[in-house]
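I opened this model to look up a few points of its fold and packing, and I kept these notes as I went along.

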Amino acid sequence: AGSRLVYPALFPEDKREIYLEGEIYLEVASDEKRPFHVRTGQMDVRVLGTKFNVCAYKEDAASNVVLLEGKVEVNTSMRQKAVLAPDERLDLERDSFRIQKVDAADYVAWTRGLMILKSEPISRVLTRLSRYYGIPIESEEALGEMKISGKLDLRDRLEDVLGILSDVAPVSFARSNDTFIVTSEE
């Protein structure tokens, strides 16, 4: 939900190129004669036969690329360049980026209907849930940087997932029309 992908009906003979706003997981076969590129507003990911995830929502301050297998080359809009190895994540925010070691499987768990949380701010979790389910979730500023760890099953209804959050964190939720509102209980 919330992602937009633009691609041609047929790729030209010399390249394969797609344009992304949002998040996508791809498994791309290597083809030296037709390199594969994922282009976002902030970066160009050149794929060298691999499995990877790109998250580049227009409204987010940061974008990232996580590599599961193979190799990707990332070129930023600021003409910075990096090559990622498996289990590395490149975070791009404004004009700088950093690379860190991660468990890449955690970042593509959403493709299996799971959300893995490791000391994740609840506000960010709610944004991800809202995107995944395509349902607005509002939260009060008091939630701030309250962090949570665990695993959420995204195959459950959103009400059930929010119920689990309210069981393990000092938050409560209510539904108002088509929007969920999450508030702090502290």
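**Entry 1, helix 2.** I am working with a predicted model, and I began with the length of helix 2, which covers residues 122-133. I then looked up which of its residues are buried, and noted Ile122, Val125, Leu126, Leu129, Ser130 and Arg131. Their cover includes strand 11 (114-121), strand 12 (137-139) and strand 13 (147-153), as well as helix 3 (158-168), strand 14 (171-176) and strand 15 (179-184). After the helix comes Gly134, for which I noted a positive phi, near 70°.

Next I traced an open sheet of 3 strands, which run in the order 12-15-14 with mixed pairing. Strand 12 and strand 14 are its edge strands, each pairing on one side only. For strand 14 and strand 15 I noted antiparallel pairing over 6 bridges. Helix 2 lies across strand 12, strand 14 and strand 15, and runs at about 165° to strand 12; helix 3 also lies across strand 12, strand 14 and strand 15, running at about 155° to strand 14.

Is Thr179 buried or exposed? I class Thr179 as buried because its relative accessible area is 16%, which falls under the 20% cut-off. Thr179 belongs to strand 15, and it is the bridge partner of Ser176. Leaving aside neighbours within four places in sequence, I listed Pro136, Glu138 and Ala174 as the contacts of Thr179.

Which residues have the most contacts inside the largest nonpolar core? In this core of 21 residues I noted Val38, Val45, Phe52 and Val54. The elements that give two or more residues to this core are strand 2 (16-28), strand 3 (36-39), strand 4 (43-47), strand 5 (50-56), strand 6 (62-69), strand 7 (72-76), strand 8 (81-84) and strand 9 (88-93). Strand 2 gives the most, with 5 residues. Apart from this core lies another, of 20 residues, and among them I found Val125, Ile148, Leu154 and Leu162; Val125 had already come up in my first entry as a buried residue of helix 2.

Terms used: Residues numbered from 1 in each chain as written. Predicted model: local features only at pLDDT ≥ 70, side-chain atom pairs only at ≥ 80, totals over all residues. Heavy atoms only, no water. Helix = DSSP H or I, 4+ residues; strand = E, 2+ residues; numbered from the N terminus. Expected span 1.5 Å × (residues − 1). Buried < 20%, exposed > 50% of the residue type's maximum accessible area, 1.4 Å probe, protein only. Contact = heavy atoms within 4.5 Å. Pairing = 2+ DSSP bridges. Axes fitted to C-alpha atoms, helices over the stretch in contact; angles between N-to-C directions. Core = buried A, V, L, I, M, F, W, Y, C linked by side-chain atoms within 4.5 Å.
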